Amino acid sequence: MRKVAYVFAGLAAAGAGSYLVVYLYRWQWQRALICGVLLLVVEVLLLGLVTLGRLTRIEERLRDTDRRQREAEARQEDVLTRLRQPALAREETRFRWLEDPADRTYVFVPVLMVTGVVLAGLAWVVQKVASATAGPAERRLAGRLAVLAAPDPGGPGDLEDLPGPGARPDRGRAARVTVVTVVGAALLAALVVGIAELTQTRDEERNGSRATSVIVQVDLRGSDTTAERRSLAAQQVWERCRDSTSVPLRHAALGDLGDGLFAGVVRPALTDHDRMRLRGCLEDATLERAHLTVVGIGDADDD
């Protein structure tokens, strides 16, 4: 599912970026702004998807680390229990002679009894001191021996993610990564050079004609699409686009031809780059419920 989201987001980003370049080349700023906002939204979406994937992997690693820590603690406790078993067995068999049957008769000498009490007290003191000092040492020893303990048969092993003995590095994967990197760098360089070639503004020679004629079609949306509203919309867009060319359109009038068609004559004649700028300005969606389409644009001679 995540790969599908990456594919759709990548296609949307590619489309938005392509149309952004196209509208910038056509000098249609409003549409370029819309595509730029869409591209920014898609990039934020991709960033969110990548961040979410990274956080998910971090959570998985943390859970794996906690599991391994619990397994290590369990192994340590197991080894510590095994180390303490002989001591517990010795404690259980202490003073076995007291467990003998009572029908047997013993001769106790007072000196032997006092000596036994003193030795028992000394042994008790030595045992307590040894228990207090041997606990940390046993735990450290158990921690060192835990790595040698057998893993849990029911859980996943720690060696599943490692390659098998004698396995060679995946050369095919390295080759594929190298090829994809080289092809991506070449495409990126070609894209940058192509965009620079298309969007670069160059000095052009002046047109030898006397004037340039422009014919536009005005379409309105809504119920009140009267001739007066069409004429008003055409005049508003035409006045806004007077300074869109390198030479301001000072003596350029716009006449009504009827049926939503309007004609304008520009003097002096426009160059190819100025024609593209004027067409982009006229066809850009900047007026509410109105859309202008350049039907034709060409040069006019002296006649």
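**Exercise 1.** Determine whether arginine 275 is buried or exposed, and find its salt-bridge partner.

*Solution.* Begin with the relative accessible area of arginine 275, which is 18%. A residue counts as buried under 20%, as exposed over 50% and as partly exposed in between, where a 1.4 Å probe is used and protein chains only are considered. Arginine 275 is therefore buried. The structure is a predicted model, in which local features need pLDDT of at least 70 and side-chain atom pairs count only at pLDDT 80 or more, while totals for chains, interfaces and linings use all residues. Residues are numbered from 1 along each chain as its sequence is written, and side-chain values use heavy atoms, with hydrogens and water left out.

Next, look for the partner, keeping in mind that a salt bridge needs a side-chain nitrogen of Lys or Arg within 4 Å of a carboxyl oxygen of Asp or Glu. The side chain of arginine 275 meets that of aspartate 299 in such a bridge, at 2.2 Å from N to O. Because aspartate 299 lies in strand β4 (residues 290-300) and arginine 275 in helix α6 (residues 272-283), the pair ties together parts that are 24 residues apart in sequence.

**Exercise 2.** Describe the chain as a whole: how many helices and strands does it have, and in what pattern do they follow one another?

*Solution.* Helices (H or I, at least four residues) and strands (E, at least two) are DSSP runs that are numbered from the N terminus. Counted in this way, the chain has 6 helices and 4 strands. Along the sequence they are arranged as α-α-α-α-β-α-β-β-α-β. Of the 303 residues in the chain, 19% are buried.

**Exercise 3.** Which residues are linked in a network of salt bridges, and how are its pairs placed?

*Solution.* The whole structure holds 5 salt bridges, and a network of them links Asp64, Arg67, Arg68 and Glu71. Take the pair of arginine 67 and glutamate 71, whose side chains meet at 2.9 Å from N to O. These two residues are 4 residues apart in helix α2, so that about one helical turn separates them, and both arginine 67 and glutamate 71 are buried.

Now turn to arginine 68 and aspartate 64, whose closest N and O atoms are 3.5 Å apart in their salt bridge. Arginine 68 and aspartate 64 are also 4 residues apart in helix α2, which again is about one helical turn. Here arginine 68 is partly exposed at 34% relative accessible area, and aspartate 64 is partly exposed at 24%.

**Exercise 4.** How many aromatic pairs are there, and what is the arrangement of the rings?

*Solution.* A pair of aromatic rings is described by the distance of the centres and the angle of the planes. Rings of Phe, Tyr and Trp (its six-membered ring) pair if their centres lie within 6.5 Å, and planes under 30 degrees apart count as stacked, over 60 as edge-to-face and the rest as tilted. The count by this rule is 1 aromatic pair. Tyrosine 19 and tyrosine 23 have ring centres 5.9 Å apart and planes at 35 degrees, so the pair is tilted. Both tyrosine 19 and tyrosine 23 lie in helix α1 (residues 2-25), 4 residues apart, which puts about one helical turn between them. As for accessibility, tyrosine 19 is partly exposed at 48%, whereas tyrosine 23 is buried at 15%.

**Exercise 5.** Examine the loops at histidine 251 and aspartate 259, and say where each residue lies.

*Solution.* Histidine 251 is placed in the loop between α5 (227-240) and β2 (253-258), where its relative accessibility of 66% makes it exposed. Although histidine 251 and valine 266 are 15 residues apart along the chain, their C-alpha atoms are separated by 7.0 Å.

Aspartate 259 belongs to the loop between β2 and β3 (261-266). Its phi is positive, about 60 degrees, even though aspartate 259 is not a glycine. With 77% relative accessibility, aspartate 259 is exposed.
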